[in-house]
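Keep the picture open beside you and look up each part as it comes.

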Amino acid sequence: MSVKSLLITGGAGFVGSALALRFREAYPECRIFALDNLKRRGSELNLPRLREAGIEFVHGDIRNKEDFDALPAVDAVIEASAEPSVLAGLTSAPDYLINTNLTGTVNCLNYARQHNAAFVFLSTSRIYPINQIDKIQTVEAETRFEVSAEQPIAGISPAGLAEDFPLEGYRSLYGATKLCSEYLIQEYHHFYNMRTVINRCGVLTGPWQMGKVDQGVIVLWVARHFWKQPLGYFGFGGTGKQVRDILHVDDLFDLVKYQLENLEQVNGKTLNVGGGRDISVSLQELTAICQRVTGNTVPISSQVENRQADIQLYLTDNARVTELTGWTPKRSAEQIVTDVYNWLRENEAQLKPILG
């Protein structure tokens, strides 16, 4: 399809702003709107970057249907807004989480339907249940946990979790809202003939992410090394062997751009999207990379007990998306850490109050 106008929700957030700026580079003539409520601290730092690129910022909230009424028609919507913390609703009331991640998605869908716009939804690997992930058989290697070849359930192999991994169980209120949104998108696709694609993203990261313990751990880890601040290995024996695959936001852009340009190929699909086994790290391995890149070593405490809603391992099996589109992530864990480190160094003064 030819994308002449584009709305990105959560457009001043980490993922939304990164996609907006990359789409501006790819489509200089495209009119791009970035809708955001600026709730997350640090998102205001992206406003000058968006403005300088000629992206039209709209201060609005996807929870409010009225905020969509003022927007013009667009060719495509990228739904990148969310309350992204896996602890949301567990440590506080769930209202904001549900209203944003579920009701907000409905408002986005209705807007896209009204204008016959394509709809790209950024979902999460957290839709997969914790109780099912806990059944994954692992072996303990020197620096990480690895997936065993023999498994008691479908949809898991040493390559990671595939789309047919079991969905029955509990997954965090955050994951539940995203899965509910997926189901609604599938209904809109079928009954309203909307052109949709759902990307179940693993850990997304890169420069301009305001990393915290519960969301954005890669940036947090690099920042703590950069400013020589202590860290901790929490849970699963306290050895830092828990594993995540990680995906540079620029690799995500490469995929979403392809999807919008080849929409009929991916229309109606639900795809796992992540760094995969090749671009994955344990906390132990991430620490070693941060030490190499920053030149700093920080004290790391250890706590054996698991934290609420935490999981030992998540790897994305990208086989379906790769077979369908040819896309594979290109940016290594070392490059991701290096990019984040350079960003911290170049913007230290404005980032230290937030990340330091």
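## Helix H7

Helix H7, residues 217-226, is mostly covered, with eight of its ten residues buried. Buried means under 20% relative accessible area, exposed means over 50%, and partly exposed lies in between, using a 1.4 Å probe and protein chains only. Helices (H or I, at least four residues) and strands (E, at least two) are DSSP runs, numbered from the N terminus. The buried residues of H7 are Ile218, Val219, Leu220, Trp221, Val222, Ala223, His225 and Phe226. After H7 comes Lys228, whose phi is positive, near 55°.

## Where these values come from

Please remember that this is a predicted model: local features need pLDDT of at least 70, side-chain atom pairs count only at pLDDT 80 or more, and totals for chains, interfaces and linings use all residues. Residues are numbered from 1 along each chain as its sequence is written, and side-chain values use heavy atoms, with hydrogens and water left out.

## The open sheet

In what order do the seven strands of the open sheet lie? The order is E3-E2-E1-E4-E5-E10-E14, and the pairing is parallel. Two strands pair if DSSP finds at least two bridges between them. At the edges are strand E3 (56-59) and E14, each of which pairs on one side only. From one strand to the next, the twist averages 20°. Axes here are lines fitted to C-alpha atoms, for helices over the stretch in contact, and angles run from 0 to 180 degrees between N-to-C directions.

Within this sheet, E5 and E10 pair in the parallel sense over six bridges. Phe121 stands opposite Ile198 in E10.

## Helices on the sheet

Helix H6 packs on the sheet and touches E5, E10 and E14, and its direction makes about 155° with that of E5. Contact means heavy atoms within 4.5 Å. Helix H8, residues 249-261, lies across strand E1 (5-9), strand E4 (76-79), E5, E10 and E14, and runs at about 165° to E10.

You can check the length of H6 yourself. The expected span of a helix is 1.5 Å times one less than its number of residues. The 20 residues of H6 (173-192) should therefore span 28 Å, and the end C-alpha atoms are 28 Å apart, which agrees. Among the buried residues of H6 are Tyr174, Lys178, Ser181, Ile185 and Tyr188. An α-helix has 3.6 residues a turn, so residues three or four places apart point the same way. The cover over the buried residues of H6 includes helix H4 (95-114), strand E5 (118-124), strand E10 (196-201) and strand E14 (269-273). Following H6 is Asn193, with a positive phi near 55°.

## Two nonpolar cores

A nonpolar core is a set of buried Ala, Val, Leu, Ile, Met, Phe, Trp, Tyr and Cys residues joined through side-chain atoms within 4.5 Å. Which members of the largest core touch the most other members? Of its 40 residues, they are Leu6, Val15, Phe23, Ile78, Leu252 and Leu260. Helix H1 (residues 14-26) gives the most to this core, with seven residues. A second, separate core has 30 residues, including Leu231, Leu283, Val293 and Ala333.

E13 pairs with strand E11 (residues 203-205) in the parallel sense over three bridges, and Leu204 stands opposite Leu247. With strand E15 (residues 280-282), E13 pairs in the antiparallel sense over three bridges, and the partner of Arg244 there is Val281. With strand E17 (residues 313-314), the pairing is parallel over two bridges, and Val243 has Leu313 as its partner.

## Two loop residues

Lys241 sits in the loop between strand E12 (231-234) and strand E13 (243-248). Is Lys241 buried or exposed? Lys241 is buried, because its relative accessible area is 10%. Excluding residues up to four places away in sequence, Lys241 touches several residues, including Glu140, Arg144, Phe145 and Gln284.

Glu150 is in the loop between strand E7 (145-147) and strand E8 (156-157). Glu150 counts as exposed because its relative accessibility is 66%. The C-alpha atoms of Glu150 and Gln215 are 31 Å apart, while the two residues are 65 residues apart along the chain.
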